[in-house]
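Subject: Structure for you to look at

Dear colleague,

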Amino acid sequence: MSTAFAPNSRPQGFAASSRLDRLAVRSHDLSKGNRRNVYVDNREFLVYHWSGKSSAFSPATGEQALGDDERINLGDHNCRVDVGVPYPYVAEMPSKRDGLELTAANWAKDYAFFLDHSPAEVYPDETIVGEFHWQLDEARFYKFPDEVYGLGFALRELGAGGISLAHTCPDLGIGLTLGWGGLLEKVRENRARFEGYGAADRVEYLDASEQVVLAIIRYVGRHADRAAELAAAETDPDQKRLYEKVAANCAAIATGAPATFEQAVQWIQLFQVVERINGHGNGYGRLDQLLIDFYRRDTAAGVLTREDARSLIAELFLKYGGNYFSFAGRNRELKDATNEVSWVGLEAYDMIGGYNHIGVMWHPEIDPAYYAYACDVVSRHGCGVPTLINYDVLRASELYSGYSEEDAWNVSYSGCQWYCAVGNEYSDHDLNCLVLVKPMQRAIDIAIRDGIQNFESFWRVYTEEVEKTAVALVAFKNKVYEWHPKVWPEMVTSLCMHGPIEHGRDVTDSPSVNNAFTSVNVLGVPNVVDSMFAIKKVVFEDRRFTLAQLREAMDVNWQGQEVMRQVMLNQEKFGNDLDGVDAMYVRVADQVLDTLEHKRNIKGFTFRPSLFQYMGHTYAGPMMGATPDGRRAEEPLAHGCNPMHGRNTAGITATANSLMKVDFSRFQGGSLQIELQPRFFDGKDNIGSFIEKFSRTYMAHGGVQINLNVIDLAQLQDAIVHPDKPEYQDIVVKVTGYSAHFVLLDREFQKEFVSRVNYAEV
Amino acid sequence: MLTARVFDIHRGTTHDGPGLRTTVFFKGCPLACRWCQNPEGIGFGPQLQWHARKCIGCYSCEAACDRGAISHESGPPIVNRELCDMCGACVAACPAKATTLSGTEYTVDQLIGAVMKDRKFFETFEGGVTASGGEPTSQAAFVYEFFKGLKAAGIHTALDTCGLTAGASLERLLPLTDCVLFDLKFIDSGMHRDHTGQPNAAILANLARVVEFARANRGLALWIRTPLIPGASASAENVSAIGRFIRSDVLDVLDRWELCAFNSLCREKYQKLNLAWEYEGVGLLSHAAAEDLLGAAREYVPADMVAVTGILAE
């Protein structure tokens, strides 16, 4: 079967130089060679975002690392380059030699040693350098005290969990303005101020911070030394010049602020390296806003062309291996912020293709040509890049939750479905989870015990159980927050935030940044919606089965109860633009919103639900068992707030309409995931234009995000069976909010992904 | 109350007229094309369908039928269509929705309500609503009121017709129609009769009516659609003959000529009606064959006005 369009086709438009091609080959080989994978400890981590083992994501090596039989691969989602051996200096780490203390000073000492003993690497062909092979959690013991674990296991029983690590968005503008030397000065000035106040704890923190900055300055300087050394030995004149350029750039930005576009890009790459090395990554903000002044200055001075800039950003993408940067959106005056770097950034992706996580923030006044280009890029590459996000809903949602207008305008898409007020928040995005199926299951048991006979009474029981889980989540998170700044401060991130250095408190501490909400992914909303609707109709209205009969049938995974399962399955289902069940969707979503937004964390901020959870649905199915919506235990749960697999049969517009019924400006995200088959377009239509119009309509009516793949189902099915076929090695899919190579994904993810491909034909 | 029998509503279609559309499939068709893609749309009344893939073998249908029209031995339920009076009792009883009735009654307001759900998409995509079938003009009085309501709401309308209908009902609909999708299958009337059960003289006369109307009302768009059926209409002779006819009689008001490649994806529909289908095993048209036919068509009609649509074989 063939169509006019081939997915994952080679990019058109911008030819990469042979030098860039070589860098692309290296970058893609690292991914395909399983050297950029991110792991989590176990399936519990995916479902509850808490493994009960390590304190965050699975350390790849070291004393807390798990074997391949236990850990789960999230795919190539990482800028860490695996070299197959543990960190060589583990035994000499200060905390191992002199004792582990849960203080910023002790952490900083480890960090400085770790960075001082991380190689400064410069590879041929590179203008932009900086890569790393180990994260600090592979060398420093990273575990919360037992009291946290006690609360965590109790919470898991109730259906929730979470971690706290990174997943915010620093303001790289701070560092680009000050440089490392300026940041050092800022730390010292504030320390002097706090010395004057006699605030010993703040002074202690800033002492530690100083050690961190000094280590980074040494690390950047070592890149300059290494490049100079290579230049001296190099005989090829072009490569020699390139090494000299790297040496000059790194020498300049070791302490100084970047002076050129090229140095700014290099500064960003090295910041990402020294920051991500602490355990996990962040979104890094609005690249077009960060670089526009450098771009305009250098192009006006005639030292930079658009092609040069495109090539430098392409290097940045290849080097980090998938960046969470955003483009467009609005500026402080709420005017369209699209600029030359917005174009150059997308062109850079267009030139190299492959996996990336960049997002374009749409709003009604966006430069239409730019947005059309973004949709054209999605359609031609077919990898779900860029992600399409609604800037106005992001901002409205922050204002609704209590961010100031001054913080909210500079919102940036920062990760799978989450976004941040750049440099102004630390909110655990995408790190906590509430599995809504669990309270519903308890409600069913209670309703059977109490002989409840009508739906509204059952609903009340359900809301009480959601409340119970939420209360336990608050208790757990507050305990984590008490320990967090001591156990694992995020001292590099803190340098590029508004507040931590000025307050002398880590970004994980409080008061530190302006906003410190607790973001919670809510898993299983569509299954609870479909279940509640079916229970209401079949149990309480038609009285065809009792709750007890239903419960018995689910206990045995519907064995011998296929008629009952079919009855439950064939009620109205969410995702088909049906008023009855969609009203239940709004009710379920609003109820969890109401529950969480009335909870406060010890930092004084509310909990914010997100109608999204990146991969937990795959493994949650068997863990939850069968559900009243007619779902069998072995089936996954629905993905985020997308309809349960195979249940949206009324087409893409009906599904979009169903989702839009919730007011996303009160939630922390919730993406519409669409896997289109090329067959959807049979020659008449231009895919880019279809995507542009569809997404524009969806977002103009309140939709917040679209993750879009254009993918051939038959090809993916075959790729599961024959993952080694060369033609499948380059297939990139938007797994959820991130993209990865399909053949590298965990097998359960692959199967689940294929099962959700729909909209085959119309 | 005026009602119509509708056997399907497809939302988000991009193949039935300009932009993104909702297509309403009206029941009943005067032709009997041997390759018909919508067999459940031919009859005017409701039709019982049984979906093997969904059936769980609970025989609730058999128990619900008071005419004894459903029985079984060891396998699936067997419907005696002679005894069945389409009462729908088995449909209501089926927990798996394996048994269904093709054809739902709609009032004009209900149908307008159903298609308006995608209004926001029509606006962005410059699309609208297409009346298809079956043959929509077989329920012309209803379609007239339906289109009148849509036009009053500013919705773009398209009429997808096989062309065999009373000239007067067609003429009554044209002022409410923005785009006519007119099927032209064969120029040779004998071939037409052999493959569709009817000669084509009345169809060509109706096309002349549409062309005449379009000449007087330049707002009406006219698309000609020719199904490319292997072994039947998909020949260079037939496409050339249609092309010659279009050039001489239609071209001045033509907007688009679509050559619609055949596929047999609808075979399950025949199984659901217990009907044999001679096209069940017929494969897709090859790229090369489609290119040839496109070339033949472009001998007569400007290249940018004619296109092949649908799925092709490698």
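Below are notes on helix packing, sheets and aromatic rings, taken chain by chain.

Please keep in mind throughout that this is a predicted model.

Helix pairs in chain A

In chain A, helix α6 (residues 172–197) and helix α7 (residues 200–233) have axes that come within 9 Å and cross at roughly 165°. Since angles over 145 degrees count as roughly antiparallel, α6(A) and α7(A) are therefore described as roughly antiparallel to each other, and their crossing is left-handed. On the side of α6(A) the contact is made by A:Trp180, A:Gly181, A:Leu184, A:Val187, A:Arg188, A:Asn190, A:Arg191, A:Phe194 and A:Glu195, while α7(A) brings in residues including A:Arg202, A:Val203, A:Leu206, A:Asp207, A:Glu210, A:Val213 and A:Val220. Sorted by class, the residues of this contact of α6(A) with α7(A) comprise 11 nonpolar, three polar and six charged.

Further along chain A, helix α10 (residues 287–300) packs with helix α11 (residues 306–320) at an angle of about 140°, and their axes are 13 Å apart. The relation of α10(A) to α11(A) is therefore oblique, and the crossing of these two helices is right-handed. Here A:Leu287, A:Leu291 and A:Tyr295 of α10(A) meet A:Arg306, A:Ala309, A:Ile313 and A:Leu316 of α11(A), and by class the contact of α10(A) with α11(A) has six nonpolar residues, no polar ones and one charged.

A sheet in chain A

A sheet in chain B and the helices on it

Chain B has an open sheet of nine strands, in the order β7-β1-β2-β8-β9-β10-β11-β12-β13, and its pairing is mixed. The edges are formed by β7 (104–107) and β13 (306–309) of chain B, each pairing on one side only, and the twist from one strand to the next averages 30°. Within this chain, strand β1 (residues 3–13) and strand β2 (residues 21–26) of chain B run antiparallel and are joined by five bridges, with B:Ile9 standing opposite B:Val24 in β2(B). Helix α3 (residues 108–115) of chain B lies across β1, β2, β7 and β8 (128–133) of chain B, running at about 95° to β7(B). Helix α5 (residues 140–152) of chain B also packs on the sheet, where it touches β1, β2, β7, β8 and β9 (156–161) of chain B, and its direction makes about 155° with that of β9(B).

Aromatic rings

Over all chains, the structure holds 43 aromatic pairs. One of them is formed by A:Phe45 and A:Phe57, whose ring centres are 5.3 Å apart and whose planes stand at 55°, so the pair is tilted. This pair links distant parts of the chain, 12 residues apart, with A:Phe45 in helix α2 (residues 43–48) of chain A and A:Phe57 in the loop between α2 and β2 (72–76) of chain A.

Key. Residues numbered from 1 in each chain as written. Chains lettered and ligands numbered in written order. Predicted model: local features only at pLDDT ≥ 70, side-chain atom pairs only at ≥ 80, totals over all residues. Heavy atoms only, no water. Axes fitted to C-alpha atoms, helices over the stretch in contact; angles between N-to-C directions. Helix = DSSP H or I, 4+ residues; strand = E, 2+ residues; numbered from the N terminus. Parallel < 35°, antiparallel > 145°, perpendicular 65-115°, else oblique. Left-handed = near helix turned anticlockwise from the far one by under 90°. Contact = heavy atoms within 4.5 Å. Nonpolar A, V, L, I, M, F, W, Y, C, P; charged D, E, K, R; others polar. Pairing = 2+ DSSP bridges. Phe/Tyr/Trp six-rings, centres within 6.5 Å; stacked < 30°, edge-to-face > 60°.
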